[in-house]
Amino acid sequence: MIFEHNFIMGHLNYWLFIMLMMTGLFIVISRGNLIKKIVGLNIFQTSVFMFYISIGKVAGGTAPIFPMDMNINPSILYSNPLPHVLILTAIVVGIATTALGLALIVRIREAYGTIEDEEISLIEADEQKLETQSQLA
Amino acid sequence: MEQVYLHFPILQVLIPLLLAPICVLVGRSTFSWLITFFGSVSSLVIAISLLHSVSDGSSISYHIGGWPPPIGIEYVVDSANAFLLVLVSGISTVVLLYARDQIKLEIDEENHTLFYTCYLLCLTGLLGVLITGDVFNVFVFLEISSLSTYVLVAQGAKRDKRALKAAFNYLIMGTVGATFFVIGVGFIYMATGTLNMFDIYERINDLESSRTVRASYAFIVIGMGLKLAMFPMHLWMPGAYTYAPTVVTTFLSATATKVSLYVLIRFTFSVFHFDFNFIEQVFKFLVMPLAIIAMFAMSFVAIFQKDIKRMLAYSSIAQIGYMLLGVSLLSSEGLTATFVNLFNHGITKATLFMSLGVLTLYSGKSFLSDVQGLGKKMPWISASFLIGGLSLVGIPGTAGFISKWLLVQATIEAGVPILALLIILSSLLAIVYIWKVIEHLYFMEPHSELASQKVSFRILIPLWILSISCLYWGFDTSLTVGTSDIAANNLFNNVIKLN
């Protein structure tokens with residue numbers, strides 16, 4: 001049943017959503033470069049935006065805009081605008097997160113001289129070693 | 001006056017939100033502190049009056065913009081969230097009282113106003129998460145508080161550059177958690193077509209076997225688990241708590257994770273039905289074992305920490321284990337214990353972090369050897385650390401005892417006395433790490449280079465407010481246990497009795 005053409009095409013938006021989501025999450029987890037992590041986070045969030053926007057679509061529905069004279073024909077089918085509105089908010093949150101993440105990366109680069117996760121961990125480990133030595137002394 | 005009173009639910013969130021930009025415009029350290037303090041105190045006053053008006057178990061529904069739910073966004077106040085509103089705004093007020101002197105030492109002068117702005121925004125977010133009755137609104141406020149929290153944590157960079165990396169890690173994990181949460185909300189919306197919590201509750205009734213609903217609950221549990229530092233998803237927490245400025249650590253430890261836990265409880269009981277088979281299984285086979293592992297493993301890790309701040313952070317993760325254990329019993333008694341624990345642990349941890357912050361005010365480092373012998377030099381502050389420590393362990397006569405006692409009772413009533421034994425055993429581990437600090441404080445010679453340090457009354461007063469409340473709520477349990485009992489019963493039976 002899962003290999004039927006209709007099933008696959010009928011759930012196309014979900015396949016794309018899952019693919020993008022996994023791509024994004026994989027980048028966040030696997031990449032050591034902090035900027036790449038932020039890029040992965042963005043892809044991850046974008047997949048959720050796509051998911052929300054696609055669930056607002058009503059089959060055969062048109063754009064949810066009422067005519068100017070508010071003379072509404074009840075037989076016209078409209079798509080659901082609510083998920084779109086929700087996702088506008090989520091996009092704003094996403095931009096704020098990206099901006100803050102990038103700002104932190106700038107500060108990290110100033111302080112550590114690198115934006116690679118592994119190198120930062122090495123520097124931090126050195127610092128920890130110095131601290132324990134000063135504790136013993 | 002009557003009119004203003006009716007708008008208290010929205011003012012609770014609106015006042016700190018509107019004061020935040022004013023803080024930026026003013027641009028002076030002292031003045032913005034005053035504004036922040038004003039915002040925090042008015043939140044506290046509103047929260048207390050809201051708690052008072054719902055103390056009989058009723059609830060208040062506020063329709064934003066006059067649009068009735070489920071179309072419009074609804075704010076709901078019942079005894080569960082009013083209780084936590086008081087905790088969050090109360091802790092915020094007490095922390096602010098002491099924040100000024102500490103911040104002068106820990107943060108550059110030019111960043112002070114922005115610090116207070118973020119603090120107000122964080123407070124706004126936390127209060128908003130608590131009060132809202134709309135599932136998407138929860139996400140928005142959660143992100144308001146989280147984004148400002150990341151900034152606040154990064155402010156520790158003046159003392160230790162590792163704060164930046166800690167804030168970055170927190171940002172990545174927090175955002176992943178929040179996005180998981182949004183996916184969950186999207187699935188609920190797909191299944192029910194509404195965002196109002198109580199509307200969902202009614203519509204979700206016959207959707208127990210729906211895979212969409214199950215997936216949505218899974219996403220929400222994982223998302224909130226990341227935010228509240230549920231055991232294997234706690235990795236951001238020790239770093240963030242250790243390197244953040246002490247003021248921020250004090251505030252966050254007492255509020256941020258508690259609010260996320262509240263969201264998890266609210267979703268389990270007021271959005272989904274806790275008697276759904278899959279929810280029972282999630283708690284029985286996932287949350288409860290993880291909570292027990294957290295209680296032991298994290299207390300054990302805490303014993304070997306040299307840095308007291310990090311030790312207390314690990315102890316927080318263990319304490320979250322107790323709270324999750326209370327919820328996972330899925331009984332009214334367990335829920336009561338969790339609510340009492342939320343409140344008492346908030347006060348206890350705030351006392352510990354604040355007194356630690358004062359003890360290490362001038363050295364800026366919080367290693368065990370830095371507090372060596374301070375018991376004689378700073379007796380009042382060490383005493384308040386001692387009180388906080390006793391309360392954390394759960395010695396009778398302190399607030400911590402009440403919450404542990406209720407939890408033990410709840411486990412026995414749920415018919416699993418083995419859990420009671422585990423709670424007591426893991427408390428013994430808490431004695432070990434707290435004792436290590438006490439030993440350094442009272443039974444070791446001070447470093448000779450430490451001159452006697454003067455601490456002003458502005459710091460001592462808030463510290464002792466917290467320490468005394470640690471003791472006070474160990475004796476007078478009418479507020480904590482009484483309110484928690486009503487809150488738990490309402491959630492458990494899902495009684496929404498509107499005024």
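Predicted model: local features only at pLDDT ≥ 70, side-chain atom pairs only at ≥ 80, totals over all residues.
## The A–B interface

Residues are numbered from 1 along each chain as its sequence is written, chains are lettered from A and ligands numbered from 1 in the order in which they are written, and side-chain values use heavy atoms, with hydrogens and water left out.

Chain A brings 40 residues to the contact and chain B brings 36 residues, with contact meaning heavy atoms within 4.5 Å. The rule finds 3 salt bridges across this interface, a salt bridge being a side-chain nitrogen of Lys or Arg within 4 Å of a carboxyl oxygen of Asp or Glu. One of them pairs the side chains of Asp117(A) and Lys165(B), at 2.5 Å from N to O. There are also 4 residue pairs in polar contact between chain A and chain B, both residues at pLDDT 80 or more. For a polar contact, a pair of N or O atoms must lie within 3.5 Å; within protein, one must be able to donate a hydrogen and the other to accept it, and residues adjacent in sequence count only if both atoms are side-chain atoms.

## What chain A puts in

On the side of chain A that touches chain B, α2 (12-30), α3 (34-55), α4 (82-112) and α5 (117-136) of chain A each supply at least two residues. Helices are DSSP runs (H or I, at least four residues), numbered from the N terminus. The biggest giver is α4(A), with 16 residues. By class, this side of chain A has 27 nonpolar, 7 polar and 6 charged residues; Ala, Val, Leu, Ile, Met, Phe, Trp, Tyr, Cys and Pro count as nonpolar, Asp, Glu, Lys and Arg as charged, and the others, Gly among them, as polar.

Thr98(A) sits in α4 of chain A. Thr98(A) is buried, at 17% relative accessible area, where buried means under 20%, exposed over 50% and partly exposed in between (1.4 Å probe, protein chains only). Leaving out residues up to four places away in sequence, Thr98(A) touches Ile38(A) and Asn42(A).

Helix α5 of chain B (residues 112-131) has 20 residues, which should span 28 Å, and its end C-alpha atoms are 29 Å apart, in agreement. The expected span is 1.5 Å times one less than the number of residues. Of those 20 residues, 18 are buried, so α5(B) is largely enclosed by the rest of the structure.

Helix α6 of chain B (residues 135-154) should also span 28 Å, and its ends agree at 29 Å. α6(B) is mostly covered, with 18 of its 20 residues buried. At its start, a side-chain oxygen of Asp134(B) comes within 3.1 Å of the backbone nitrogen of Phe136(B).

## Two buried spots in chain B

Ile279(B), in helix α12 (residues 277-303), is buried at 0% relative accessible area. Ile279(B) and Glu208(B) are 71 residues apart in sequence but 9.7 Å apart in space, C-alpha to C-alpha.

Thr483(B) belongs to helix α20 (residues 478-493) and is buried at 10%.
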